[in-house]
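Open the model in your viewer and keep the selection tool ready. Each stop below says what to select and what is there.

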Amino acid sequence: MVPLLHRCILTLALIAGCGRCGEPPPERPDRAEVEAPEPTAPEVEEAPDPLAELDLPPPIRITVEDEDAFDAIAERTIGADHLPGAVVIAGRSSGPVFRRAYGSMAIEPERLPMRVDALFDLASVTKLFTTALVMQAIDEGELALESDVGGWIPALRGVTVEALLSHTSGLPAVTPLAAFEIEERSEALAQVFADAMERRRPAGEFHYSDIGFLALGELASAVFAMPLEDLVIERLGEPLGMDDLGYGPVSDPRVAPTERAPRRAAPGEPAPIVRGETIDPRAWRLGGVAGHAGLFASADDLARFAEALLSGRAMSAESLAAVTTARSLPSDSGLVRRGLGVDMDAPAGFSERSFGHGGYAGVWLWVDPAIDGYLVVATHRVHPDGEGRAGPIRTQLARQASEALPRALPPLESAAALGIDVLRAESFERLAGRRVALLTHAAARARDGERSVDLFARSDALELVRIFTPEHGLRSAAEGHVADGELDGIPTVSLFGRRRDPPPESLADVDAVVIDLQDVGARFYTYFATMNRLLRAAAAHELPVWVLDRPNPLGGAVAGPISVPSARSFVNHHPLPILHGMTAGEMARFLVTALALDLELEVVPMVGWERAPWTEAGLRWVPPSPNLPDLDAVRLYPGVALVEGSNVSVGRGTDRPFRRVGAPWLDPDAVLAALPAEARAGVTFTVEAFTPAASRHRGRRCRGLRLHTDDPEAIAPVALGLGFVRALHEVHPEEVDLDAMSGMIADPALVTQIREGAALHELLATESEDLRRFRRHRSAALLYED
């Protein structure tokens with residue numbers, strides 16, 4: 001489908017090319033006089049990408065279960081291991097699949113929430129970047145692994161590049177601070193390296209050495225004839241898109257503070273908490289620039305570096321192979337597994353080909369070419385008093401990431417921005433200064449997986465006063481009536497419990513109502529019934545309403561009988577067909593008009609979305625209720641649900657809700673034989689017995705059918721549902737409770753036709769005047785091309 005904007009531009013271009021419309025044609029010149037020009041296609045101006053105008057996070061691509069596991073690990077370890085907070089990114093060479101901030105960016109002098117774009121002191125993770133610079137010099141023929149560093153740093157004559165990279169040069173880990181305090185950098189370094197050679201141990205054994213990487217940084221600077229701080233940006237930061245990579249000092253409110261530093265206190269002053277300066281005492285005395293420590297970067301920068309390593313953009317394939325060839329090196333504590341400039345002691349779950357590095361302050365990057373994956377865990381464990389432990393969060397997240405990355409969804413070229421994404425990109429400006437009541441649930445998430453309710457709760461632009469919850473509660477997981485509660489001190493008011501309407505006092509102290517719900521496109525799914533009631537209540541309280549739009553997972557299909565007014569109930573909140581084909585924002589517009597509500601309504605529309613089934617939206621499905629765990633269940637639900645009001649199980653209480661139909665008395669073969677072909681479109685059936693653990697026929701063995709989705713686009717839910725109702729009544733007229741099904745069908749005339757034995761094509765053939773009228777009213781409410 002050509003987007004509407006593209007069609008308009010194309011039409012305008014064609015009209016513009018027809019400037020002689022209405023004029024007589026000019027006389028044709030003789031063919032001998034003028035040579036006909038080569039035909040060319042009309043130039044069509046390419047429409048701008050509206051998504052490019054928004055600052056959007058990458059879309060999440062891991063499963064909901066893996067996301068929940070990441071969250072649980074981070075929240076548990078931050079609390080138990082005295083970590084202020086963390087930013088976690090997991091990804092592949094194609095980009096991140098998970099990106100999230102946890103905890104606090106600062107605890108002292110004031111508590112600040114962690115930012116996903118926070119800047120961290122990399123400490124020894126700097127060594128990875130120094131390694132990349134040295135290997136680039138080798139790629140360009142300026143160096144070799146066997147090169148004697150003494151050619152550039154005379155004090156280190158006899159020490160090779162490879163020995164420094166592998167920490168086998170015999171140079172000590174550090175040397176006394178006195179030399180680093182010499183004011184002239186070149187003099188200071190000359191003394192440092194002289195001190196190091198005096199303390200040098202025999203080469204060949206592994207002895208971790210900051211001095212060795214200090215030397216490699218100076219070597220790269222000398223080879224490329226550029227200061228190290230400029231070299232990192234020119235050869236790594238800019239070409240690889242690491243916008244925040246650089247040496248300190250850094251003056252940026254995004255910088256995560258580290259620990260107290262008594263030696264940096266002015267006389268008589270308390271020890272300051274370091275922020276924006278390297279925590280490493282030797283790099284700090286060198287102005288913050290050194291090959292072993294001193295770099296600052298965001299977790300996003302580290303992710304881009306990992307992607308560059310996986311895709312061969314940080315160094316040549318040959319150099320990367322040399323870097324990641326594991327070496328078992330003797331050390332004082334036994335054999336260690338190292339590469340060149342990298343640690344290769346793989347955490348549980350990652351392959352033996354994996355590599356990475358950690359830093360004293362708490363940052364850690366690990367890359368695994370075997371699964372085309374990486375993990376960034378950026379913490380500042382030393383804040384404020386050096387008591388945090390980063391090991392547990394790294395270990396547990398690494399194991400989870402090693403399992404999550406291989407099963408992550410494929411990368412996306414583009415994904416729609418939902419209403420919450422647009423609002424977030426605007427920093428909630430539309431709601432600035434307002435006291436907000438939010439109707440939402442866990443399935444309402446931004447494109448990066450963050451729950452809308454959490455984004456509202458963290459926003460400084462507004463005050464989240466109250467949370468309304470629909471059926472299944474805030475977590476989208478409850479069955480039956482839901483009680484009131486609270487989230488981090490914010491009261492939650494259930495609109496599917498002892499009440500269905502918001503109590504008047506719940507709207508008395510707010511000045512804006514916001515709705516963000518993920519619906520499934522069926523009339524009897526109750527979330528729009530709750531929205532209907534809240535719209536009425538907001539109108540009565542003269543409160544403006546914002547609806548954050550999100551897709552209808554079934555696209556724009558309109559089908560099925562219109563519910564009659566006499567059938568009005570919570571599952572038939574307004575005269576609608578079974579499939580209404582509207583998004584949340586469109587339904588709100590439709591209801592405000594149909595109910596003649598005096599209401600200020602603003603829909604925050606999606607950007608980059610065309611009306612299509614969910615799979616074409618490029619988004620991950622998050623179950624809005626416990627019995628719709630995946631899109632197969634959603635596609636079948638509008639049809640299969642027609643029978644569940646009766647004495648027939650639809651698979652609730654099994655692992656295949658809405659993909660099973662059965663009862664203890666049901667003859668599955670006979671029902672299947674009675675099911676017409678048009679009801680079977682896109683679906684195959686197998687005879688299967690099952691025992692529900694909950695709901696209808698709980699604990700009883702049911703004979704039934706299991707539904708398998710073969711062609712999602714071919715499924716006709718209304719034909720499927722009415723076909724089932726008809727077949728069940730035909731085969732089991734005495735057992736099946738047709739009257740109980742009438743509540744979902746909500747059209748007594750249609751139920752009468754079924755009772756009288758009408759064929760399925762007769763049930764589907766007639767489009768009532770009510771349905772034609774609905775289509776007209778619906779068209780006025782639409783926000784996206786139909």
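**Stop 1: two helix pairs**

Helices α3 and α7 cross in the left-handed sense (left-handed: the near helix is turned anticlockwise from the far one by less than a right angle; right-handed: clockwise). Helices here are DSSP runs of H or I with at least four residues, strands are runs of E with at least two, and both are numbered from the N terminus. This is a predicted model, in which local features need pLDDT of at least 70 and side-chain atom pairs count only at pLDDT 80 or more, while totals for chains, interfaces and linings use all residues. Residues are numbered from 1 along each chain as its sequence is written, and side-chain values use heavy atoms, with hydrogens and water left out.

Select α3, residues 126-139, together with α7. Their axes come within 9 Å and cross at roughly 40 degrees. Axes are lines fitted to C-alpha atoms, for helices over the stretch in contact, and angles run from 0 to 180 degrees between N-to-C directions. The two helices are therefore oblique to each other (under 35 degrees counts as roughly parallel, over 145 as roughly antiparallel, 65 to 115 as roughly perpendicular, the rest as oblique).

Now show side chains. Lys127, Thr130, Thr131, Leu133, Val134, Gln136 and Ala137 in α3 meet Asp210, Phe213, Leu216, Gly217, Ala220, Val223 and Phe224 in α7. Contact means heavy atoms within 4.5 Å. By class, this contact has eight nonpolar, four polar and two charged residues. Ala, Val, Leu, Ile, Met, Phe, Trp, Tyr, Cys and Pro count as nonpolar; Asp, Glu, Lys and Arg as charged; the others, Gly among them, as polar.

From α6 come Arg185, Leu189, Val192, Phe193 and Ala196; from α7 come Ile211, Leu214, Ala215 and Glu218. Seven residues of this contact are nonpolar, none polar and two charged.

**Stop 2: the three-stranded sheet**

Select β4, β6 and β5. They form an open sheet in the order β4-β6-β5, with antiparallel pairing. Two strands pair if DSSP finds at least two bridges between them. β4 (119-121) and β5 (246-247) are the edges; each has a single partner strand, so one side of each is left without a neighbour in the sheet. β4 and β6 (residues 295-298) share three bridges. Find Phe120: Ala297 in β6 stands opposite.

Ala123 lies in the loop between β4 and α3. Its phi is positive, about 50 degrees, although Ala123 is not a glycine.

**Stop 3: the seven-stranded sheet**

What is the strand order of this open sheet? It runs β14-β15-β13-β12-β16-β17-β18, with mixed pairing. The edge strands are β14 (485-487) and β18 (601-604). Neighbouring strands are turned by 25 degrees against each other on average, direction ignored.

Select β12 (residues 435-440) and β13 (residues 463-469): five bridges join them, and they run parallel. Val436 stands opposite Leu464 in β13.

Bring in α23, residues 769-781. Its axis and that of α16 come within 8 Å and cross at roughly 115 degrees. This crossing is right-handed. Glu586, Arg589 and Phe590 in α16 meet Phe774, His777, Arg778, Ala780 and Ala781 in α23.

**Stop 4: hairpin and cis bonds**

Select β9 (residues 355-358) and β10 (residues 363-368), which run antiparallel over four bridges. They form a hairpin with four residues between them. Gly362 in the turn has a positive phi of about 130 degrees.

Go to Glu108 and Pro109: the peptide bond is cis, with omega near 5 degrees. His383 and Pro384 are also joined by a cis peptide bond, with omega about -5 degrees.

**Last stop: confidence**

Colour by pLDDT, the predictor's confidence in each residue, from 0 to 100. The protein averages 92, and 94% of the residues score at least 70. Over residues 1-37 the pLDDT is below 50. Where pLDDT is low, the predicted coordinates should not be read in detail.
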